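I opened the notebook to look up charged side chains and how they pair. The entries follow the order in which I checked them.

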Amino acid sequence: MGEESQIVSKLKGHIEHIISCYEAALFEKGELERKLSETMTDLEKYKTKVKELEDKLEKKQLTTAFEASSQDIKEARQRIARIVREIDKCISLLNN
């Protein structure tokens, strides 16, 4: 009966080891679920931030698209000045 006792003792040891591994796995699962939850929360925050930044960039691009550069303004003034000079020449020719 000594041999049966050893078998039962080894079996109990294996069962205790399996239970210990199971408890460790449960703990690790809980930690991973907690980390996943935190990560999902962070992901949502970052998605919101990205959306806000994309909207801000789009508004900035639209604003920039409608702003005239100083070079564009200078060229427009020069064209207007040329046109005014041509009109003045035409008026002076008509008055002669």
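Which residue does Lys 45 form a salt bridge with, and how far apart are the closest N and O atoms? I looked it up in the model, which is a predicted one. The partner is Asp 42, and the closest N and O atoms are 3.6 Å apart. That is inside the 4 Å cut-off, so I list the pair as a salt bridge.

I then checked where the two residues sit. Both Lys 45 and Asp 42 are in helix H1, three residues apart, about one turn of the helix. On accessibility, Lys 45 comes out at 53% and counts as exposed. Asp 42 has 31% relative accessibility and counts as partly exposed.

Next I ran the search over the whole structure. It returned six salt bridges, and I wrote up some of them here.

Entry on Glu 31. Glu 31 pairs with Arg 34 in a salt bridge, with 3.0 Å between the closest N and O atoms. I placed both in helix H1, which covers residues 2-66. They are three residues apart, about one turn of the helix. Glu 31 is partly exposed at 29% relative accessibility, and Arg 34 is partly exposed at 37%.

Entry on Arg 34. I found a salt bridge from Arg 34 to Glu 38 as well, the closest N and O atoms being 2.7 Å apart. Here the spacing in helix H1 is four residues, again about one turn of the helix. Glu 38 has a relative accessible area of 41%, so I noted Glu 38 as partly exposed.

I put these two entries together. Glu 31, Arg 34 and Glu 38 are linked in a network of salt bridges. Arg 34 takes part in the bridge to Glu 31 and in the bridge to Glu 38.

Last, I looked for charge gathered on the surface. Which residues make up a patch of positive charge there? I recorded Arg 79, Arg 82, Arg 85 and Lys 89. I followed up one of them, Arg 82, and found it in helix H2, residues 70-95. Its relative accessible area is 42%, so Arg 82 is partly exposed. Patch members need over 30% relative accessible area and no salt bridge, so a partly exposed residue can belong to a patch.

Methods. Residues numbered from 1 in each chain as written. Predicted model: local features only at pLDDT ≥ 70, side-chain atom pairs only at ≥ 80, totals over all residues. Heavy atoms only, no water. Patch = residues over 30% accessible without salt bridge, like charges linked within 9 Å, V, L, I, M, F, W, Y side chains within 5 Å. Areas by Shrake-Rupley, 256 points an atom, 1.4 Å probe, with all protein chains shown as cover. Salt bridge = Lys/Arg side-chain N within 4 Å of Asp/Glu carboxyl O. Lys, Arg positive; Asp, Glu negative; His and termini not counted. Charge placed at Lys NZ, Arg CZ, Asp CG, Glu CD. Helix = DSSP H or I, 4+ residues; strand = E, 2+ residues; numbered from the N terminus. Buried < 20%, exposed > 50% of the residue type's maximum accessible area, 1.4 Å probe, protein only.
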